[in-house]
Amino acid sequence: MRLKDPFSLKAADMTKRTNKPRKPRDEESSDEVSGLTCQHVSKAVDLNSVKKAVTSSMWSMCSDCLRERTMIDGEPASGHDILVCLKCGFQGCSQSESQHSTKHHQTLHPESHCITISLGTWKAWCFECNEELSTHCNKKALAQTLDFLQKHSVKAASDAFISYLREEPSDYADQSRGKSPVNNSTLVPVKGINNLGNTCFFNAVMQNLSQTHMLNDLIQDVKEKGHKLKICPPAESNVVRSTPEPLTSAMFLFLHSMKESGKGPVNPKTLFNQLCQKAPRFKGYQQQDSQELLHYLLDSMRVEETKRIKAGILKSFNNPTEKTADDETKRQVKAYGKEGVKMNFVDRIFVGELTNTIMCEECEHISTVKEAFIDISLPIIEERVSISFNFLLRYLLVLPKYDNCVLFAPLHTEKKSDKVYTSARKQMLISSLPPVVTLHLKRFHQAGMNLRKVNRHVNFPLILDLAPFCSASCKNLVAGERVLYSLYGIVEHSGSMRGGHYTAYVKVRSPQRRTEQPQRRNLAGPREASSATQGQWVYVSDTNVQTVPESRVLNSQAYLLFYEEML
C-alpha cells in the first residue's frame, strides 16, 4: 500500500450502515436500537433474583466453566462472551465449544429462562423469539435490570482496579499513600463513555487517547504555559500564549473529565459536536471508521494549533502585514513560524516520517520520497495460514517490491520531463520515529461496489522492536541498537460490515520518566523489557468497563494498535 498524506482529508467514504442483528453473538452486534415487544418478559425477568445471584458470584465469569474448570485460551470464559439470564442471574458463556448459556436455557424451563443480556454489548436477546429485544419497547423490568447490570459492572471494575493498585509496588503504592508518582502525573483511571448513537467508533479511539500520557501532559502545558519559541540569530525567546481553539479546548476538557475520580461515565457530546463542526461527515449518528476518525481528530487539532501559534507570532511582532513589514521582520516571522510548527503537540506525539526509495532496474537511477505518517497501515494477507505482526511490517516496509513506476529524469535542460520504466524496485523504511506509533490493520477492503471485512486474527507483540524497519538515517539510531515500543492500547472491531461494534483495550500503567535532554534509543535487555510491561489491562465497551487478563488482549481482533516508545 502507498501511504497517503496523513493530513489529507480526501479519504474514501467508509461509512458503514448497520442492519438489524439476527443472532445473539457479539460478532453480529451493532449500536442500532432495534428489537420487538416480547411476550416472555413478564415470566423471564426477575430483578431481585438477578441482584442476589450477581452480587454473590464472580462477575463476568461463566459459572459452568469455573465449576468444570474449562479454560479458554488459558483463562475462564469472560467478558464479551458472557450472557446473563434475567430470570435467575446465571452467567454463561456463548463460546461455540461450550454454549453454557444456551444449555442453561434448554435445561431449565425454556420460557422462564429465555431472556439474556450480553455483558459485552448490553444487548437483550430472547431465545424463544430468536430476536433481539429493545428495552424501549418492553416492560420497565427489562430496562431496570439492564441499568442494574451496567452499574454493577462499573462497580466491579472499580473494585478490581483498586485491588490492583494496592498490590502494585513503587509508583502505584506511592500514589495510594498520597505521594506523587513519577513526573508529578497520576494514573489515569478508566471510565466508560456514553454512546451518543452509533458512536462506538469514537469512544474506542478516545479511550486510547485518554491513556496516552504524553498527550495528557502536552495539552495541559499548551493550555497553561503556551509555546516558547527560540530563534538564533538573534538569540531571543518569545512566548506564544492565547486561548486554544474550540476543538482543542473541548479535547482538554474531555481528558480532564476522564481523569476525575469518583464519577460515572463521561458524556463526550461537546467534543464530538466540535469534531463534527470540523468534519461534517461524522454527523448523522451512522457507524463510521475508527481510523478515519483518528485522522480527522488529530489533523483538525493540528490545524487549530498551527493557526494559534502563527497568530501569536504575528502578535508579538505587532501584527505586521505584507505592506508594513520590512524584509528583516518578514524573515524573523518566517523563521519563528517554522520553529512553531515543530512545537505542535500533535506532531510531537504522533507524526513520523517514511522514506520511500525507488530504483530503476534498467538504469539503476534512485529516487527517494519522504512522507509524513500519523499511522502505518498494514495489509492483512489472507492466503497465509498464520499471520505474524513482524511479517506484515516486513512485507510492507522492508521487502523490495517490483512495479511499474514513474521516475523523474535529471534536469541541467529547461524542459521538465519524466520517464516511465517497466520495472523498478521500491522499499519503504521509517526515517523518523514519533514517541507514539499507531499501527492500522487493514480489515476493510473495497470489493467492487461493496466493502468487505477480513476477520483473520493477527498475532501482535506486547513489545515491538522497530529497529529492523528503520533507515540508516533514522534520528538517534545507532547500529546494533534496538528501538523498543510497548503496547498500551487497542481498538477492536467485532462483527461484520452490516453489524459491527468497536471496543477498546487500554493498559493502566505508571508514566515513564522523560528528560529535556535528547537521549539514545533504549538498549533494554529482556529483564528491563519485561518490567516495562507492568500494568493492568482494561476492556471498555462504551460504558462497560472491566479488567481483563493479558491473554484476552492478545486474542483480540485488533484494528488499531497504539505503541509508546520505551525510554
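Author: In this predicted model, the second largest cavity is lined by Cys200, Asn203, Ala204, Gln207, Tyr502, Thr503, Ala504, Val540, Ser541 and Asp542. The space inside the second largest cavity comes to about 40 Å³.

Reader: What makes this space a cavity, and which elements supply at least two residues each of its lining?

Author: The term cavity applies because a 1.4 Å probe fits at its points but cannot get out. At least two lining residues each come from H7, strand S18 (500-508) and strand S19 (536-541). The most is given by H7, with 4 residues.

Reader: What does Val540 touch, not counting residues up to four places away in sequence?

Author: The residues touched by Val540 are Val190, Lys191, Gly192, Gln207, Thr503, Ala504, Val506 and Val545, with residues up to four places away in sequence not counted. The criterion for a contact is heavy atoms within 4.5 Å. As for Ala504, 36 residues separate it from Val540 in sequence, while the C-alpha to C-alpha distance is 5.2 Å.

Reader: How do you know how the rings of Phe202 and Phe272 are arranged?

Author: A pair of aromatic rings is described by the distance of the centres and the angle of the planes. For Phe202 and Phe272 the centres are 5.1 Å apart and the planes stand at 70°. Centres must lie within 6.5 Å for a pair, and planes over 60 degrees apart count as edge-to-face; the pair of Phe202 and Phe272 is therefore edge-to-face. This pair links distant parts of the chain, with Phe202 in helix H7 and Phe272 in helix H10 (residues 269-278), 70 residues apart. Both Phe202 and Phe272 are buried.

Reader: Why is the pair of Phe282 and Tyr296 given its label?

Author: The ring centres of Phe282 and Tyr296 are 5.4 Å apart, and their planes meet at 90°, so this pair is edge-to-face. Phe282 lies in the loop between H10 and helix H11 (290-316), and Tyr296 lies in helix H11, 14 residues apart; this pair too is described as linking distant parts of the chain. Phe282 and Tyr296 are both buried. One aromatic cluster is formed by Phe201, Phe202, Phe272, Phe282 and Tyr296, and the count of aromatic pairs comes to 8.

Reader: How do you know that the charged end of Arg281 sits over the ring of Phe282?

Author: The charged end of Arg281 is 5.8 Å from the centre of the Phe282 ring. The criterion asks for a distance within 6 Å and a position within 35 degrees of the ring normal. Arg552 is likewise placed over the ring of Tyr539, with its charged end 4.2 Å from the ring centre.

Reader: What makes the backbone of Asn198 worth a remark?

Author: Most residues other than glycine have a negative phi. Asn198 is not a glycine, yet its phi is positive, about 60°. Asn198 is found in the loop between H6 and H7. With a relative accessible area of 5%, Asn198 is buried.

Reader: Which label, buried or partly exposed, applies to Asn130, and why?

Author: The relative accessible area of Asn130 is 43%. That label covers values between 20% and 50%, so Asn130 is partly exposed. Asn130 also has a positive phi, about 55°, although it is not a glycine, and its place is in the loop between strand S4 (124-126) and strand S5 (131-133).

Key. Residues are numbered from 1 along each chain as its sequence is written. This is a predicted model: local features need pLDDT of at least 70, side-chain atom pairs count only at pLDDT 80 or more; totals for chains, interfaces and linings use all residues. Side-chain values use heavy atoms; hydrogens and water are left out. Rings of Phe, Tyr and Trp (its six-membered ring) pair if their centres lie within 6.5 Å; planes under 30 degrees apart count as stacked, over 60 as edge-to-face and the rest as tilted. Buried means under 20% relative accessible area, exposed over 50%, partly exposed in between (1.4 Å probe, protein chains only). On a 1 Å grid over the protein atoms alone, a cavity is a set of points where a 1.4 Å probe fits but cannot get out, and a pocket is an open set with protein on both sides within 12 Å along at least five of seven lines; lining residues have an atom within 4 Å of a point. Grid points are joined across faces, edges and corners, and a volume is the space filled by probe spheres set on the points.
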